[in-house]
Amino acid sequence: MKEKEAFLEKIATVQTDTLALVLYNDDVNTFDHVIFCLMNICKLEALPAEQCAFIVHYSGKCVVKSGTYEVLEPLCVALLEKGLSAKIEA
């Protein structure tokens with residue numbers, strides 16, 4: 001029984017530590033700029049970066065990375081500095 005409780009506690013900890021870096025659509029940035037930023041800042045490969053750009057364009061937003069706040073915060077700041085609309089969400 002203790003193993004099950006420890007496992008459930010570990011899952012709860014992982015779930016609360018995991019946040020999402022969300023990129024939002026805007027009418028300013030080009031696809032090339034968004035893809036370039038996702039590749040260079042978030043270290044996405046070309047195809048996933050392109051897919052994220054299209055999802056953002058057609059859906060309004062896309063989760064580009066998941067992780068802890070400490071990991072996502074510098075990425076979010078860098079995207080914002082490049083003129084993109086990004087936010088860290090639970």
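Biologist: Is Cys 62 buried or exposed?

Modeller: A word on the source: this is a predicted model, where local features need pLDDT of at least 70, side-chain atom pairs count only at pLDDT 80 or more, and totals for chains, interfaces and linings use all residues. Residues are numbered from 1 along each chain as its sequence is written, and side-chain values use heavy atoms, leaving out hydrogens and water. Buried means under 20% relative accessible area, exposed over 50% and partly exposed in between, with a 1.4 Å probe and protein chains only. Cys 62 has a relative accessible area of 9%, so the residue is buried.

Biologist: Good to know! How many disulfides does the count come to?

Modeller: A disulfide here is a pair of cysteine sulfur atoms within 2.5 Å. The sulfur of Cys 37 lies 8.6 Å from the closest cysteine sulfur, in Cys 42, which is too far for a bond. Cys 62 is in no disulfide either, with the nearest cysteine sulfur, that of Cys 52, 3.7 Å away. The count comes to 0.

Biologist: And how are H2 and H3 oriented to each other?

Modeller: Helices are DSSP runs of H or I with at least four residues, numbered from the N terminus. The axes, lines fitted to C-alpha atoms over the stretch in contact, with angles from 0 to 180 degrees between N-to-C directions, come within 9 Å for H2 (residues 31–40) and H3 (residues 46–59) and cross at roughly 130 degrees. Angles under 35 degrees count as roughly parallel, over 145 as roughly antiparallel, 65 to 115 as roughly perpendicular and the rest as oblique. H2 and H3 are therefore oblique.

Definitions and conventions: Helix = DSSP H or I, 4+ residues; strand = E, 2+ residues; numbered from the N terminus.
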